[in-house]
Amino acid sequence: MCPTTDCRRLLSVISTKGLLPVISTKELLSTAIINAVMEQTRHAGTLPRPSLAHLHVRDCGSSLRAFACPLGPCGGGTIALAGDACLFPSFFAARVVDADHNSTAAVLQSSENYDQSSFTPAPIVTDHVVPPASIQVRLALADDALFLSLSLSLSLSLSLSLSLSLSLSLSLSLSLSLSLSLSPSLPLPSLFLFPYCLDSPDFFVLQISMEGFSPCIPLDSQNSGAPLIYFTFTLRNTSNEAAQAQVLMSQQNFIGWDGASSISNEIFNAGYGSNSNAFLASPNEQALIMTNNALQTSDARNGSIAIATFESDASSVTVSQQYAQHQDLWTAFAAGQPLPNASGPSTAGRTWNGALAVTCTHPMATCSGSNSLLFAESKRLDSSSFIAATGFGIKDVTTQYFLGNQYANVFSSIQQVVDYARDNYTWTREQTLKFRDAMYNSNLPWQHLLTCPYPASRYLAFAQHGSHLAAATMELLARLYRPGDGVVRGAQPSTYDVALYGANTFIGSLYLCALCCAAEMATRLGQSELAATYTARYKLSVANYDKACFTNGKWYTQVVDPDHATNVVSDGTFVDALLGQWWAHLLGIGDMLPQAHVASNVSSVFEANHVDEFDVDRQAPRKFCDNRDAGMYICTWGGAAQPPPSNALLYTSEAMWSGLAYPFAGLALQTGQVDVALQVLSDVRGQYDGTRRSPFNEIECGDHYTRQQSGFSLFEIASGQASASTVTIEAAGAAVANFTTSHANGTLTLTFASPVVVVAASAADPTLRLTLTTP
């Protein structure tokens, strides 16, 4: 068989309902990696939590400029809660009244970073761009509304603090403070926290915090795909006088908008017309439903939106069912007057806005006055359609194909979504917090924290997918195989959008890994003869790949095919040269190519490709980074100072994408080069620190690129959950990391004793517990 470790740990699943099947026999511990990572983070014999004091923030004063936290269903589209606290196309506002009927109101939105005149953005990205509609809100209310004045400082604790102050022409002053928690609330977009404090020493101090999240529950795609966002406002009166507060949420009926064209004068767009809002109230639920009656069911823009609150006292809810101009809403809201209400569907090219406001009374501080107000924003877009064009093997240009959202198969109407939001808030929040806490309560180095929202499934579970997948995989490998030395030299398609030719370990290491997997598949399917065939092919191939490509004694190269001498790596130091070896460790296969050669390749590539400042002119065809960024080039030939050859592989002269950085850092960890791994990860965190790029949008060929989910493997590698090392554990203390299997997710605590106990959370069975036993 293919190589694997002799030191296997067996994960068995224990439930109060009885013994459940074994999950996996290849969930492995790497003690060498654990020891190395612990050595990096050990202080006075203990393992500290990740410290953001190490976070490289170049300009603390604008770390929210490019901040955009996506909220919404997994795989169903998102809306970004931006660093100005604006949720386009919505906004929030608050109004407070004391016992003497003095009042003040504020739009919970900052315009501090709207002036871009002295700002130099990062190449390509537009995370810093403020949506025109947000600016329109600011301009529409500039004369009357209070907006937050923002200044930002980085605390050495785990938080960002923003002080905001305003002066009123009335006989009082208003001070607002906004603090944004970085750990654990910031990195995971499924739960986000904005606390405010309305402070007027003349008569009251009212603290308001807003928590926003969408359900994000591992192994539960249905609930994680629910098309809704929760916003919970918690209000606390810290003064000695009673106060009344009102929180408002405004939402535009954007059904008919294409998501790209401009919206002018607050409500004008060519796609708008016949937009209608309806207010529906039932016990413990008040909802504003937004539709467009002019759109056909097959129209890609069709659907419905709702904003809702879930108050037991319906009289506390005020509604503006339809209004056109923000100024009209604000004038009424700030004065405590009835909110505007227009009637009828909108005319062509126009839509309506709508708003809900909830009022609550807060007793004095001695009575511990506190209230929570829950809003939910829901959207249900119907199937979108397109006419297939030629390309990608599609020849049919007449049939209308539909691309839809899976949640449309779960929720038949927007009302069902609202009802779901009402009934499942507590449970979905609890499960989302478990996921967040499992990830960010880790004591692994802070660089391992991720901002991409959803982990990719990558576990070795061939038998679970049945014989069809196994047969298809083995058939593909059979097509690649050519008698001889076992090295693939023909056309090798790649995710660099071109095919490579000639012997190379980029595709070659993936091929080796696939051969081992095919042997395992065949074994599990009872096809021992076929398993032996793939094992023999692997042994032949691995020796000849190493012989052909490790010729300079330092790193792996490509043997260029003279008949296809374009898009080559040749003798370059290529970050993806051993992608398959990283993958093999994750699958429990272990070392394929010689360990010393792999380690040498990692160190050589890092030394040649890493720079403290990028040269924009050297990057081609896309220029991702500039001289404010540190990182690695994807490939260099003689070091970063040397120009690439004219026939270099497409994209390899670009700055390394974070989706490549994570596997490279993972392989560095797997070879014991922790310093290299942490430097690579520190560079990525520095690039996406919020000053010029959003921490939640790691780009490549587009925004929110999926390759970056490879970063979830870092938790497993650093905590030793996926590797083939058999080094004896000697470190003292405990390592804590999150984990996910095909049945459960939770926190893995390694106490360096046998057995190691794992407390898990399972969406399907909350009583589930995992016990990890050593040989």
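Visitor: Is the crossing of helix 11 and helix 12 left-handed or right-handed?
Guide: The crossing of helix 11 and helix 12 is left-handed. Keep in mind that this is a predicted model.

Visitor: At what angle do helix 11 and helix 12 pack?
Guide: The angle is about 160°. The axes are 7 Å apart. Helix 11 covers residues 658–670, and helix 12 covers residues 674–687.

Visitor: Why those two values?
Guide: Two packed helices are described by the angle between their axes and the distance between the axes.

Visitor: So are helix 11 and helix 12 roughly parallel or roughly antiparallel to each other?
Guide: Roughly antiparallel, because an angle over 145 degrees counts that way.

Visitor: Which residues make the contact?
Guide: From helix 11, Ser-658, Ala-661, Tyr-662, Phe-664, Ala-665, Ala-668 and Leu-669. From helix 12, Val-674, Val-676, Ala-677, Val-680, Leu-681, Val-684 and Arg-685.

Visitor: How do they divide into nonpolar, polar and charged?
Guide: Twelve are nonpolar, one is polar and one is charged in the contact of helix 11 with helix 12.

Visitor: What about helix 9 and helix 11: how do their axes cross?
Guide: They cross at roughly 65° and come within 9 Å. Helix 9 is residues 579–586. The crossing of helix 9 and helix 11 is left-handed.

Visitor: Which residues of helix 9 and helix 11 make that contact?
Guide: Helix 9 gives Leu-579, Gln-581, Trp-582, His-585 and Leu-586. Helix 11 gives Pro-663, Gly-666, Leu-667 and Gln-670. By class, that contact has five nonpolar, four polar and no charged residues.

Visitor: Let's zoom out. How many helices and strands are in the chain?
Guide: The chain has 13 helices and 31 strands. Its length is 775 residues, and 57% of them are buried.

Visitor: What share of contacts with a separation of 6 or more comes from residues 24 or more positions apart?
Guide: They account for 67% of those contacts.

Visitor: Which residues of helix 4 are buried?
Guide: His-326, Leu-329, Trp-330, Ala-332 and Phe-333. Helix 4 runs over residues 326–335. Gly-336 follows helix 4, with a positive phi near 75°.

Visitor: Now single residues. Where does Gln-322 lie?
Guide: Gln-322 lies in strand 17, residues 317–323. Its relative accessibility is 2%, so Gln-322 counts as buried.

Visitor: What does its side chain have beside it?
Guide: A polar atom of the Gln-322 side chain lies 2.9 Å from the backbone nitrogen of Asn-277. Beyond its neighbours within four places in sequence, Gln-322 is in contact with several residues, including Asn-275, Pro-340 and Trp-352.

Visitor: And Thr-636, is that buried or exposed?
Guide: Thr-636 counts as buried, because its relative accessibility is 0%. Thr-636 sits in strand 27, residues 635–636.

Visitor: What polar contact does the side chain of Thr-636 make?
Guide: Its partner is the side chain of Asn-609, at 2.7 Å. Leaving out residues up to four places away in sequence, Thr-636 also touches others, among them Gly-572, Thr-573 and Arg-618.

Visitor: Last one. Where is Tyr-272 found?
Guide: Tyr-272 is in the loop between strand 13 (243–252) and strand 14 (275–282). Tyr-272 is buried, with a relative accessible area of 4%.

Visitor: Which side chain joins that of Tyr-272 in a polar contact?
Guide: The side chain of Gln-252, with a polar contact of 2.9 Å.

Visitor: And how are Tyr-272 and Ala-348 separated?
Guide: Along the chain, Tyr-272 and Ala-348 are 76 residues apart. Their C-alpha atoms are separated by 6.2 Å.

Key. Residues are numbered from 1 along each chain as its sequence is written. This is a predicted model: local features need pLDDT of at least 70, side-chain atom pairs count only at pLDDT 80 or more; totals for chains, interfaces and linings use all residues. Side-chain values use heavy atoms; hydrogens and water are left out. Axes are lines fitted to C-alpha atoms, for helices over the stretch in contact, and angles run from 0 to 180 degrees between N-to-C directions. Helices (H or I, at least four residues) and strands (E, at least two) are DSSP runs, numbered from the N terminus. Angles under 35 degrees count as roughly parallel, over 145 as roughly antiparallel, 65 to 115 as roughly perpendicular and the rest as oblique. A crossing is left-handed if the near helix is turned anticlockwise from the far one by less than a right angle, and right-handed if clockwise. Contact means heavy atoms within 4.5 Å. Ala, Val, Leu, Ile, Met, Phe, Trp, Tyr, Cys and Pro count as nonpolar, Asp, Glu, Lys and Arg as charged, and the others, Gly among them, as polar. Buried means under 20% relative accessible area, exposed over 50%, partly exposed in between (1.4 Å probe, protein chains only). A polar contact is a pair of N or O atoms within 3.5 Å; within protein, one must be able to donate a hydrogen and the other to accept it, and residues adjacent in sequence count only if both atoms are side-chain atoms.
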